[in-house]
Amino acid sequence: SIGYDAFYNCTALRHVNMQDGADIPASVAEIKHGAFYNCSSLKKVKFNYNPETITTSNNGTGPFTLKLNYDVFRGCSSLTEVSLSENVTYIGYRAFYDCGSLESLVLPESLTYIGYQFIQGTGITSMTISKNVTTCGESSNMGPFAGSEVTEVIFEEGIQEIPNYICSASTSKQNRIERVTIPAGVSSIGYDAFYNCTALRHVNM
């Protein structure tokens, strides 16, 4: 793991040379809150895939997982490229908050949880929600896209339920979502999933 606030306010940090360049080693299972908070010179982050299986809490086995806690890259204003591995299951709230140079982010299919306002203050305008995401946000006023620049949300083919609060927003932290694509096969739409989406014009189903 990488401890909380481990590199907090390292404003000159440009490269994290941990494995063949600016990579996070495959052995890392958790990055704790605020680990790279305000590393304003950091430009690229890559998470290496770990194919190993691990023992789960119920003594079964499952794939190696990686948890990104809240505020992990908050304020990394020069960050332009993030490559998430298929080990990432959890992205905490405000994980990429105020990463103003970040214009795209591909969510892995391993992802099951997205925290609120996780990309507020970025330049991301379109986001595809991977099919295994089941939980997100915190309440009707605190969805993942609250306060963000996202105008289009696409739910991946194969998703069965639209999660609670996925596109919800408040009057103070509104979102700009105009278009939503929901694939065939969706059996339910969660509680307050599109609460206060005042800009929403098109829902393609």
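Phe-73 is buried, its relative accessible area being 1%. This value belongs to a predicted model. Phe-96 likewise counts as buried, since its relative accessibility is 0% and the limit for burial is under 20%.

The structure contains eight aromatic pairs. In one of them, the ring centres of Phe-73 and Phe-96 are 5.6 Å apart and the ring planes meet at 10°, so the pair is classed as stacked; the cut-off for stacking is an angle under 30 degrees. Phe-73 belongs to the loop between strand 6 (66-68) and strand 7 (81-83), whereas Phe-96 belongs to the loop between strand 8 (88-91) and strand 9 (113-114). The pair therefore ties together parts that lie 23 residues apart in sequence.

## A second stacked pair

Tyr-90 and Tyr-113 also form a stacked aromatic pair, with 4.4 Å from centre to centre and 10° between the planes. Tyr-90 is in strand 8 and Tyr-113 in strand 9, and the pair links distant parts of the chain, 23 residues apart.

The two tyrosines fall into separate accessibility classes. Tyr-90 has a relative accessibility of 26% and counts as partly exposed, while Tyr-113 is buried, with a relative accessible area of 17%. The limit that applies here is 20%.

## Aromatic cluster and cavity

Phe-73 and Phe-96 belong to one aromatic cluster together with Phe-36 and Phe-47. Phe-47 is also among the residues that line the largest cavity.

The structure holds one cavity of 30 Å³ or more, and the space in the largest cavity is about 30 Å³. Its lining comprises Ile-24, Pro-25, Ala-26, Val-28, Phe-47, Asn-48, Phe-64, Leu-66, Ser-85 and Asn-87. Of these lining residues, seven are nonpolar and three are polar, and no charged residue is present.

Four strands form an open sheet in the order 10-12-14-16, and their pairing is parallel. From one strand to the next, the twist averages 10°.

At one end of this order, strand 14 (residues 179-181) runs parallel to strand 16 and is joined to strand 16 by three bridges. Within this pairing, Val-180 stands opposite Val-203 of strand 16.

Note on methods
Residues are numbered from 1 along each chain as its sequence is written. This is a predicted model: local features need pLDDT of at least 70, side-chain atom pairs count only at pLDDT 80 or more; totals for chains, interfaces and linings use all residues. Side-chain values use heavy atoms; hydrogens and water are left out. On a 1 Å grid over the protein atoms alone, a cavity is a set of points where a 1.4 Å probe fits but cannot get out, and a pocket is an open set with protein on both sides within 12 Å along at least five of seven lines; lining residues have an atom within 4 Å of a point. Grid points are joined across faces, edges and corners, and a volume is the space filled by probe spheres set on the points. Ala, Val, Leu, Ile, Met, Phe, Trp, Tyr, Cys and Pro count as nonpolar, Asp, Glu, Lys and Arg as charged, and the others, Gly among them, as polar. Two strands pair if DSSP finds at least two bridges between them. Helices (H or I, at least four residues) and strands (E, at least two) are DSSP runs, numbered from the N terminus. Axes are lines fitted to C-alpha atoms, for helices over the stretch in contact, and angles run from 0 to 180 degrees between N-to-C directions. Rings of Phe, Tyr and Trp (its six-membered ring) pair if their centres lie within 6.5 Å; planes under 30 degrees apart count as stacked, over 60 as edge-to-face and the rest as tilted. Buried means under 20% relative accessible area, exposed over 50%, partly exposed in between (1.4 Å probe, protein chains only).
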